[in-house]
Amino acid sequence: MDYETALASLFSADGRLDPYPAYDVIREHAPIFRALDERWFVTTHELTNRLLRDPSLRVADAADYDKTWPDWRENRAVASIVMSMLQFNPPEHARVRRAAAATFTARRVAGMRDVITGIAEKLIKEMPERADFVGTFACPLPVAVICALLGVPESDQSWFRQRAADLTVVLEPISSEEEMSTADAAGCELEDYFIGLIAERQKNPQEDLTSALAADGTLTGQELLANLVLLLVAGFETTTNLLGTGLKILLDHPDHADRLRADPGLAAAFVEETLRYDSPVQLTTRFTSTALDLGDGRHLAAGVPLTILLGSANRDPARYPDPHRFDPDRPSVQPVSFGGGAHYCLGAPLARLEAQVAFPLLLRMLPELRADGEPVRRDRLVLRGYASLPISTSR
């Protein structure tokens, strides 16, 4: 398979099912190369790590969307993402992220361990003998956690799950008109909900992120709304994928499950290797704001789009020997799954904590846990995970 065929396969259903053979081919071709309408693709860990931290690179912001899609504001799912910190550049990005980071602190996240444990234990106790792990645990756990942080009542959490799942299709490079319409409806409903929650918290502040952000005073109304939607969606989607992928690895490798069951202290290393081995986010996009010297004699002009293949970088043999082998004892694992630099995922510590709590609990409380059917992957290029993962608890 030549590199052009390999690249094209990533945009097919079969290629998305297992993109790693294609990554190997295109990574071998070049650390960075141009294809598909002047777009450059970044494949290696070293270059990915460097470019994610390069302050001269930018994301597509509202002004860029105005040029390529003048009506983007009419789709409220798209508007929620574009008007959030995810698609802001300096100096606006620093201002908005600073406000969010002041509320989404390491102390607040660390203080969630008991809450996460309580939610996870409840979900495990309620899990039927035969279940879909995604529907009974991998989705509801992160939704319940982020809703607890935002101050969303428990009674509304199942409603949130479907809307958040519908909205994330706008993060994919390829989507149908029907999917975009469904996402728009979800965006409208989520905005309406948060408008009401913000108004309530402004009258009666609570110890939650919504109250803290509403009281910050540095965000416009649209920015506040968009970033609450982003925190909900980002706090749910990537963690669901991480949990599903991690459990599938444990089911496929009973030796790793036995070790983690015997020593929960291994959870942090297991989670990092899971993030490296099968990243819940497979790619991200940046643009050059000025001419960029790659340091190898090549120069990119300003305005060039870069597709950074995070999944390829995480399995770069130059960084990780025998990269297709899952090895939680691998030294110095530093996955790029949550990005890097100014746009490093604000919720990464929370996602890690949820997974570190969940896997040992599952193994301890469900000692007979096993696969009970064929899993089904979601047909997505950017957000990689399982749509369903049948299990048996053998209670």
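This is a predicted model: local features need pLDDT of at least 70, side-chain atom pairs count only at pLDDT 80 or more; totals for chains, interfaces and linings use all residues.

Reply: Numbering runs from 1 along each chain as its sequence is written, and side-chain values use heavy atoms, with hydrogens and water left out.

Helices here are DSSP runs of H or I with at least four residues, and strands are E runs of at least two, both numbered from the N terminus. Glu-354 is buried and has no salt bridge. Buried means under 20% relative accessible area, exposed means over 50%, and partly exposed is in between, with a 1.4 Å probe and protein chains only. A salt bridge requires a side-chain nitrogen of Lys or Arg within 4 Å of a carboxyl oxygen of Asp or Glu. For Glu-354, the nearest side chain of opposite charge belongs to Arg-113, 12 Å away. In assigning charge, Lys and Arg count as positive, Asp and Glu count as negative, and His and the chain ends are not counted.

What does Glu-354 contact, leaving aside its neighbours within four places in sequence? The partners are Ile-116, Leu-141, Pro-142, Val-145 and Thr-239. Contact means heavy atoms within 4.5 Å.

Helix α19 also packs against α16. Two packed helices are described by the angle between their axes and the distance between the axes. The axes of α16 and α19 come within 9 Å and cross at roughly 95 degrees. The axes are lines fitted to C-alpha atoms, for helices over the stretch in contact, and the angles run from 0 to 180 degrees between N-to-C directions. The two helices are therefore roughly perpendicular to each other. On that scale, under 35 degrees counts as roughly parallel, over 145 as roughly antiparallel, 65 to 115 as roughly perpendicular and the rest as oblique. Ala-257, Leu-260 and Arg-261 of α16 meet Phe-359, Pro-360 and Leu-363 of α19.

Helices α16 and α19 are also among the elements that cover the buried residues of α17, together with α3 and α15 (221–252). Helix α17 (residues 267–277) is mostly covered, with nine of its 11 residues buried. Among the buried ones are Glu-272, Glu-273 and Arg-276, as well as Phe-270 and Tyr-277.

The axes of α7 (residues 92–103) and α14 (residues 209–216) come within 9 Å and cross at roughly 140 degrees, so α7 and α14 are oblique to each other. Here α7 contributes Ala-99, Ala-100 and Thr-103, and α14 contributes Leu-209, Ala-212, Leu-213 and Asp-216.

Glu-354 has no salt bridge, but a search of the whole structure finds 24 of them. One joins Arg-27 to Asp-24, with the closest N and O atoms 3.1 Å apart. Both residues lie in α3 (residues 20–29), three residues apart, about one turn of the helix. Arg-27 is buried at 9% relative accessibility, whereas Asp-24 is partly exposed at 27%. Another joins Glu-126 and Lys-122 at 2.9 Å, N to O. These two lie four residues apart in α9 (residues 113–126), again about one turn, and Lys-122 is partly exposed at 41%.

The salt bridge between Arg-163 and Glu-189 is 3.2 Å, N to O. This pair links distant parts of the chain, with Arg-163 in α12 (residues 157–167) and Glu-189 in α13 (residues 177–203), 26 residues apart. Glu-189 is partly exposed, at 32% relative accessible area. Salt bridges that share partners also join Arg-58, Asp-61 and Asp-64 into one network.

Last, the loop between α18 (310–313) and α19 holds Asp-322 and Ser-332. Phi is near 50 degrees at Asp-322, a positive value in a residue other than glycine. Ser-332 likewise has a positive phi, near 55 degrees. Asp-322 is partly exposed at 44%, and Ser-332 is partly exposed at 49%.
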